[in-house]
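The following note sets out points for a colleague examining the contacts between chains and within one chain. Please read it alongside the coordinates.

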Amino acid sequence: MTITTDLNTQLSKSNSRPQNSRSKKLSAALLLGGAGLAALGLSRRGWQRISLAAAGAYLGYEGINQTRAFSGTARVSYTIGREPEEVYRFIRDSANWPKFSAALKMDPQRNSFILTLGRPFGMKIHSHAEVTDEQEGKFIAWSSLPGVLEHRGVVHFFPAPGGRGTEVSVALEYKIPGRMFSKSLALVRGKDPEQSVRETLRVLKQIMECGEHPTVTGQPSGKRGFKGAALRVMYREPQPEPPSAPGEAQLAGD
Amino acid sequence: MKALCWQGKNKLSVESVDDPKILSSGDAILKITRTAICGSDLHLYDGYIPTMEPGDILGHEFMGEVVETGPKVENLKVGDRVVVPFTISCGHCFFCKTQQWSLCDNSNPNAWMAEKLYGFSGSGLFGYSHMLGGYAGGQAQYVRVPFADVGPLKVPQDLNDEQVLFLSDIFPTGYMAAENCDIKIGDVVAVWGCGPVGQFAIRSAFMLGAEKVIAIDRVHERLSMARQAKADIINYAEVDDVVEELKWMTGGRGPDACIDAVGMEAHANTLPGWYDKTKQSLRVAFDRPTVLRQAIQACRKGGTVSIPGVYGGFLDKIPFGAGFAKALTFKMGQTHVHKYLRPLLERIQNGEIDPAFVITHRLPLEEAPNAYQFFRDKQQECIKVVLDPWAQAA
Ligand SMILES: NC(=O)c1ccc[n+]([C@@H]2O[C@H](COP(=O)([O-])OP(=O)(O)OC[C@H]3O[C@@H](n4cnc5c(N)ncnc54)[C@H](O)[C@@H]3O)[C@@H](O)[C@H]2O)c1
Ligand SMILES: [Zn+2]
Ligand SMILES: [Zn+2]
């Protein structure tokens, strides 16, 4: 697999997704379980109906998804109301990274950066990567260095029509170990690669356009109870709510 | 502090919760002096808006006094008396800059949820589900207001709370509904729903030059409040067919513009109405679009259907063919409240309107659970409830 800095050829590349019999069995089990939960949900009343049905639909969706191995491509495009040069410079300066991503760090030893993916149960995958090509204000391409996690991609900065700033387009390919379960759990926790990229770009946009990142972490609430706590997990909201210092940008990810 | 919390469908409680804190540099904390219950809150009460969590603090129509500001806030200082738009807007994105404030790109921390349902996310809202931000609302003693330099409007001292409170939502909402009708001198405007939003839509339509406004509801006190504004009225429970009645009242043309100020919980005693109700209670549909169907059917050729009433999902049996055949214009959406704050404050100052006319009940916060019930069920001649979070319950 080679990656070029040409977005279009990259994205049109067919995406092979090998299957194996184990993943097919799991997939069938998830689909059945999903249908069961959905049926149970529809037989209940009130919130149980909705959440069971939703959980069922989710498992069913996962079941369909499990027939794919956990490698793939992601592409996300976001318009940020700043000039391409500004966005490029902001991203290129690693001092800005903590403002929009908790996953990116500069490696002080080597001329590379570290991408850290959170995994369920506290495990983390670190991956070293380096910039392979770039043109000021136009694009940055990167690739992972040998390791468990493989990824490479390119960020383009296109001027948006009508003076609306910059279309920041990220296209990447990845291969993540752990396969099925890491994916379903990662998805529950909102760590699906495409969604992670989207959330990171969203925070980048918020920081660049209004200098702060909106948050509801740390606000008061009434009694959540078991149901409320369960819903917070489903809605990927922090649980329990940690205090956060005023004036600080929230980090992307959680 | 005390706050009204959602605990499930038809289950509200006033609870003791932590006071809000500054969480972001652009925040302010308000001590709330008055807060109101909105028809939109009834959709939460009835369990029709997804992504609510037990414990959520409700309320999006409120005003109060600034008691604390974040380090980046420049336009407000402690002691300022402000009314706050229910839509939360960053003030910097494309949508805020083009006056489409309720479509703000940057104010919803849970945008991904709305994106799953609608493809895109609008602005965050106070006290209105996690999909729309999960922000704690203002039916409470204090509230945190994000982007405090952008939303809150300072209120002149000579106006009392009740005169300006509804700038937070229902006055701008009724006004935008009328403005969306592109009213020309001599126009006839029909307004479905004589709740608070409908009342402001009726008055705004007259302000913008409508010659005749026809108000439709079945609740007597609401119809008579509409009549006080010089609207003609239709009690839909007493006529065979609202669409025919409107044709009859408009020389066979149909109204030039139709405003649906009812939304997803319209009543109907007809067969299609029961069909909608059954689907909604099975949660296969969020909406009962009876009124929208009538509005499309009734509107004159080339007219406008303006929809301030809230809809949430996929609407069934909408006569889109009629809309096409008559070349109708559709306008809708959450109100761009920020855009209307100053112009409407001016109208209040000029004495063109005193929004307090709509208030029928003034109660302490403790009474809120009860008030939701009688407001929804149209009992006690209730049209609009204003709560004082600091008053002691009797
Ligand atoms: N777009 C916005 O930003 C915005 C803001 C505020 C409120 N709203 C929405 O506006 C709508 C009205 O709000 P409200 O506070 O006036 O609520 P409300 O519940 O007090 O009023 C609704 C009125 O509609 C009447 N009605 C019901 N079925 C009808 C029918 N078939 N024909 C005619 N009238 C009928 C009811 O009798 C009631 O008087 C709600 O859907 C609310 O969510 C939207
Ligand atoms: Zn409202
Ligand atoms: Zn904005």
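1. Across the interface of chain B and chain A, 16 residue pairs are in polar contact, both residues at pLDDT 80 or more. A polar contact is a pair of N or O atoms within 3.5 Å; within protein, one must be able to donate a hydrogen and the other to accept it, and residues adjacent in sequence count only if both atoms are side-chain atoms. On the side of chain B that touches chain A, β1 (2-8), β4 (56-57) and α3 (111-118) of chain B each supply at least two residues, and α3(B) gives the most, with five. Helices (H or I, at least four residues) and strands (E, at least two) are DSSP runs, numbered from the N terminus.

2. This is a predicted model, in which local features need pLDDT of at least 70, side-chain atom pairs count only at pLDDT 80 or more, and totals for chains, interfaces and linings use all residues. Residues are numbered from 1 along each chain as its sequence is written, chains are lettered from A and ligands numbered from 1 in the order in which they are written, and side-chain values use heavy atoms, without hydrogens and water.

3. In terms of contact (heavy atoms within 4.5 Å), 45 residues of chain B meet 38 residues of chain A. The two chains bury about 3400 Å² between them, 51% of it on carbon and sulfur atoms; buried area is the accessible area (1.4 Å probe) that two parts lose on being put together, summed over both. In chain B, the residues that lose the most area to chain A are B:Leu23, B:Asn106 and B:Trp112, together 19% of what that side buries.

4. Seven salt bridges are counted between chain B and chain A, a salt bridge being a side-chain nitrogen of Lys or Arg within 4 Å of a carboxyl oxygen of Asp or Glu. One of the pairs is A:Lys223 with B:Glu15, whose closest N and O atoms are 3.7 Å apart.

5. Over all chains, the count comes to 31 salt bridges. Among them, B:Arg376 and B:Asp46 meet at 2.8 Å, N to O. This pair links distant parts of the chain, 330 residues apart: B:Arg376 lies in helix α13 (residues 368-376) of chain B, and B:Asp46 in the loop between α1 (39-45) and β4 of chain B.
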